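Take a look at the sequence and the model below.

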Amino acid sequence: CESRVRDEGVMRLFFYTVSILIFLLVLSLHLVFNESLWILRILIPLFLLGVYDLYSPHNVLRNYPIIGHLRFLFEFIRPEIQQYFIATNLSGRPFNREARSLVYARAQNKTDTHAFGTEQDITERGYHFASHAIAVKKIDFNVASRVCIGVESRVTPYLASRINVSAMSFGSLSKRAILALNRAAHLGNFAQNTGEGGISAYHLKYGGDLIWQIGTGYFGCRKPCGGFDIDKFIPNAMLESVKMVEIKISQGAKPSHGGVLPASKITREIAEIRGISEKEDCISPPQHSAFSTPVELLEFIETLRQACKKPVGFKLCIGKQTEFMAICKAMLTTQILPDFITIDGAEGGTGAAPLEFTNRLGTPINESIAFVHSCLQGIGVRNAIKIIASGKVITGFDVITKIALGADLVNLARGFMFSIGCIQALRCHTNTCPTGVATQSAQRAKGISIHEKSRQAKQYQVATMRSFLELLGAMGVGHPDDLHPGLLYAKTFEGHSESFDKLFHYITEEGHFLKAHKIDGFFEQAWNESSAECF
């Protein structure tokens, strides 16, 4: 302690001594050059800043007054320096330059071809590729690009696009970003997921199809106490634009945490839409109050479905396998099936989440799809329930991968953000997004031209769909439903590849869990431990 006080005293003595010498030097120069006192206009503010730094809570500033601010300047511009001058085409994260440039090119209707060969290391462990065919198939775009959801229920089915906008709420995104995506959904005839923040006027303006997401905060159908209100649910669910309802159980980027909207992004309008305070962070509960068991979840689904007569499903990130199998057993017990299940991978995006939750919780999307597909196949209901995959999907090959593993369609979030101007500045949680996409700053959001960006988002969706179907034909597959994991491969070590059906555990026999003498060993323990009565 005495040493620290002595060191601080030495630094202060050094700072004041140097300051006095500089001032004396300026005064001496004034005796020779009459106009030299203007330098004091610079030196006096710097001196005052240095005095403040000597008593700053920051160690660097206390030890290095004035010049210590260079450290914070370099920290501030570090992400830009990294992105523009250091990162290679393949090294950036979450999305590298190659992926972002592909989206920009497709959104702007520019050439998306690449010269001189791949930059990928095709011998690297984890590299994914597909087997192609000599007999290339011609794909019917109109037939292959859509999926009908809700056919098995007595509801109004929805003919969904294979590629849709993933959940992003008004609050997480600016109103002009929501407007641009909604207009794009209308122009391109695909769906926009509202995110858990409720349905705003901006989701409705251009008449784009909506998937209304209901999270644990029940925004848009919320009682004053925070619980679910069926009387508020019905009028929103019956809106013409709302085609399906999705119950959000968990999110890949922050499973078991609940949505997070920082107070800096909560405007009066958002507070009114959600029914929350404008002055504090909006953190949704980590779990629902409307149900607490698998059986109650399915009964809640049926309640909503009967109220709106539209397809209803749920979204989750796979965690404990016993919990999803418990939902499967509840399907058998109640004979109630969701119309769709959205699987969010741990690599999915978010506007704000605790770092440990983002980095360390949740199952990756590919493994999750294979597991959910196998469980539904195991109880004999796979054909009745559509699987939507969400989590770092951005290219046509990503769509191929997810559908081959067992999904029927995909949701994209960050790909659509790139298409309307996102530059991956990683400031979504600070309300300082420089492009106006993920901010509530009206001044910054003015940068989004709604008509231009909606056109770009639509062009990106169409180009990605065409890329997906072109790859499909190149693999010799005539329809997306005919894709299977045996057509995809991953490098496991140098010189050796394994097909996805060998890398992931698959149930191919319909009803395997119900009639097999012995259940597949990978699933057996979790299946035996799960119960429809509890998660």
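## Helices α12 and α14

Helix α12 spans residues 321-334 and helix α14 spans residues 365-378. Their axes come within 10 Å and cross at roughly 30°. The axes are lines fitted to C-alpha atoms, for helices over the stretch in contact, and angles run from 0 to 180 degrees between N-to-C directions. Helices (H or I, at least four residues) and strands (E, at least two) are DSSP runs, numbered from the N terminus.

Which residues of α12 and α14 meet? From α12 come Q321, F324, M325, C328 and M331, and from α14 come F371, V372, C375 and L376. Contact means heavy atoms within 4.5 Å. By class, this contact of α12 with α14 has 8 nonpolar, 1 polar and no charged residues. Ala, Val, Leu, Ile, Met, Phe, Trp, Tyr, Cys and Pro count as nonpolar, Asp, Glu, Lys and Arg as charged, and the others, Gly among them, as polar.

This is a predicted model: local features need pLDDT of at least 70, side-chain atom pairs count only at pLDDT 80 or more, and totals for chains, interfaces and linings use all residues. Residues are numbered from 1 along each chain as its sequence is written, and side-chain values use heavy atoms, with hydrogens and water left out.

## Two further helix pairs

Helix α11 (residues 294-308) also packs on α12: the axes come within 8 Å and cross at roughly 60°. That angle makes α11 and α12 oblique to each other. Their crossing is right-handed. P294, V295, L297 and L298 of α11 touch A326, I327, A330, M331 and T334 of α12. This contact of α11 with α12 has 8 nonpolar, 1 polar and no charged residues.

Helix α14 also packs with helix α15 (residues 396-405), at an angle of about 30° and with the axes 8 Å apart. So α14 is roughly parallel to α15. I365, N366, I369, A370 and H373 in α14 meet T401, K402 and L405 in α15. Here the classes are 4 nonpolar, 3 polar and 1 charged.

## Backbone exceptions

Most residues other than glycine have a negative phi, and most peptide bonds are trans. The bond from R93 to P94 is cis, with omega near 0°. P94 sits in the loop between α4 (69-86) and α5 (97-107).

I66 has a positive phi, near 70°, and is not glycine. I66 lies in the loop between α3 (59-63) and α4.

A cavity is a set of points, on a 1 Å grid over the protein atoms alone, where a 1.4 Å probe fits but cannot get out. Grid points are joined across faces, edges and corners, and a volume is the space filled by probe spheres set on the points.

The largest cavity holds about 80 Å³. Its lining has 14 residues, and K248, I249, S250, G258 and G259 lie nearest its centre. Lining residues have an atom within 4 Å of a point. By class, the lining of the largest cavity has 3 nonpolar, 8 polar and 3 charged residues.

Notes:
1 Å grid on protein atoms, 1.4 Å probe; cavity = no way out; pocket = protein on both sides within 12 Å on 5 of 7 lines; lining within 4 Å. Parallel < 35°, antiparallel > 145°, perpendicular 65-115°, else oblique. Left-handed = near helix turned anticlockwise from the far one by under 90°.
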